[in-house]
Amino acid sequence: MTRSNPVLVWFREDFRLADNAALSAAVGTGRPVLCVFVLDAATFPGGAARWWLAGALRALDAALRAHGGALHVLRGAAGHLIPELARGSRAVAVHWNRRYDPAGRGVDAALKVALRQIGVAGHSFAGALLHEPWTIRTRGGAPFQMFTPFWRAACAFGGPRPPLPAPADLSFAQLPETFEESRVAPAGFGLLPATPDWAAGLREEWEPGEAAAQECLTRFLAEDLAAYGRERDTPAAEGTSRLSPYLRFGHVTPAQIWQAVADSGQEATKFLTELGWREFAWSLLFQHEDLARRNLRGVFDGLPWRTDPEGLRAWQTGRTGYPLVDAGMRQLWRTGWMHNRVRMVVASFLVKHLLIDWRHGEAWFADTLVDHDPASNPMNWQWSAGTGVDAAPFFRIMNPVTQSEKFDPGGDYIRRWVPELAAVPANLIHAPWVAGAGALGAHGVVLGRDYPAPIVDHRQARARALAVWTALRNG
Ligand SMILES: Cc1cc2nc3c(=O)[nH]c(=O)nc-3n(C[C@H](O)[C@H](O)[C@H](O)COP(=O)(O)OP(=O)(O)OC[C@H]3O[C@@H](n4cnc5c(N)ncnc54)[C@H](O)[C@@H]3O)c2cc1C
């Protein structure tokens, strides 16, 4: 081996140069780096996240090119391709930042074995979380099941390690010619929707990449953090950070956010607690690989979910007749993101008003969210459904009308996403069916023609859910 033998840096969900432990350690060896990403069908994300992935690949390639290198995007099974590339490029080591989802962990464990067999060192690094998911434990050494003691213990554990700067002196190895045929064409990497192109709203709303993530963080700290505790539940205010897709794709790390918050000198307990929920979700997924498939509270296995394709479709397309629910579902479809308060309302509506299995909602979110996260999504669905370990009780049924009156009192969020109700005043917009045909007609709306009548009656749906719950509890 000579000093020109490279270190292969395998990027996955860590699309950044700063605070990238795998990259920094590779550069620190003084050897050239060979930067690769493998498009592997085994770990493919949902539709909206695929759109984001294309942007993330483009942005990282551009950042590496600015240093004289490139990101080589290859198609194949990572478990085979990475060892082959390590051998073909005569790499001394392969570096990557750890993933903690079951599919990712499976690939990584097999890869370590395969690399050992060919005599190449495999080094994995931390970076996606404040603390590795196995570190925060009870005094007895067990994983936590409840958020509050988990977060208390995490905070007592100390702040995260200080974030690393982006490496300055990068030198790059070439991709061996024999791998050219595995290379994916950079125009969209085959990830963008074509017929139809449903991504216009995503393009308008988002800019993937590390630089955009830093801009988003800086703007949030300067403009919104001070009022976060007050505004975070108001969907029309856009008072949350919108960092979730940047965290999901590792354009920014929670350690960088933690540090930036500390540097800003602002009080941020509530905001940092939300990062804590993300940590808790990963701790749960680490314990329960089937978090997206199995009710954590087994008693719910006996719940008689309804089969209701029409109801599911009305929910997915934002045509339930409940304006706040419909606004949220349309925001999701158009932009790949939905405000947290509204996520809770739409999830409760699907599970309790329609009695549709939470796993259908989880799957729809997995396909349509740009921030879809394999830990946060199922944990929050199980929270909403009451099936999780630390969850809202099933009998607490959110009323979509009172939630709307409380959190969107002026109706501005609804008007933005449900334009057919744009002329309806605040006193009628939360429950338009109550207004009567005359009052609504005066604002140009006929129920059933311009906007749907409610697909279920709130009182009846609530009573039905409670009856199901009572029967389940009584065995
Ligand atoms: C049914 C349902 C499904 C969800 N699915 C996802 C998902 O797939 N991916 C995802 O990142 N979040 C998910 N969330 C959590 C939350 O809605 C989003 O993290 C939040 O809306 C993102 O917006 P933000 O970045 O402006 O959040 P902020 O309020 O600015 O919070 C900062 C960060 O904290 C984390 N965070 C905030 N709330 C939560 C939470 N409840 N659980 C876990 N982490 C949280 C996120 O990383 C977020 O970016 C879901 C919530 C519900 C109710």
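A polar contact is taken here as a pair of N or O atoms within 3.5 Å, where within protein one atom must be able to donate a hydrogen and the other to accept it, and where residues adjacent in sequence count only if both atoms are side-chain atoms. By this rule, eight residue pairs, both members at pLDDT 80 or more, are in polar contact across the interface of domain 2 and domain 3. The model is predicted, so that local features need pLDDT of at least 70 and side-chain atom pairs count only at pLDDT 80 or more, whereas totals for chains, interfaces and linings use all residues. Residues are numbered from 1 along each chain as its sequence is written, and side-chain values use heavy atoms, with hydrogens and water left out.

The chain is divided into domain 1 (1–128), domain 2 (133–163 + 209–287) and domain 3 (298–470), with bounds that come from an automatic or database domain assignment. Between domain 2 and domain 3, whose C-alpha centres lie 27 Å apart, contact (heavy atoms within 4.5 Å) involves 23 residues of domain 2 and 20 residues of domain 3. The two domains bury about 1,900 Å² between them, 61% of it on carbon and sulfur atoms, buried area being the accessible area (1.4 Å probe) that two parts lose on being put together, summed over both. Of the area that domain 2 buries against domain 3, 28% is supplied by Asp 233, Pro 235 and Arg 248, more than by any other three residues.

Two salt bridges are also found across this interface, a salt bridge being a side-chain nitrogen of Lys or Arg within 4 Å of a carboxyl oxygen of Asp or Glu. Arg 416 forms a salt bridge with Glu 238, and the closest N and O atoms of this pair are 2.9 Å apart.

The ligand is surrounded by 28 residues, of which the closest are Tyr 228, Thr 240, Ser 241, Arg 242 and Asn 340; a residue is counted if one of its heavy atoms lies within 4 Å of the molecule. Thr 240 places a polar side-chain atom 2.6 Å from an oxygen atom of the ligand, while for Asp 373 a backbone N or O atom lies 3.1 Å from an oxygen atom of the ligand. In the case of Asn 377, an N or O atom in the side chain is 3.0 Å from a nitrogen atom of the ligand.

The peptide bond from Thr 195 to Pro 196 is cis, with omega near 0 degrees, and Arg 90, although not a glycine, has a positive phi of about 55 degrees.
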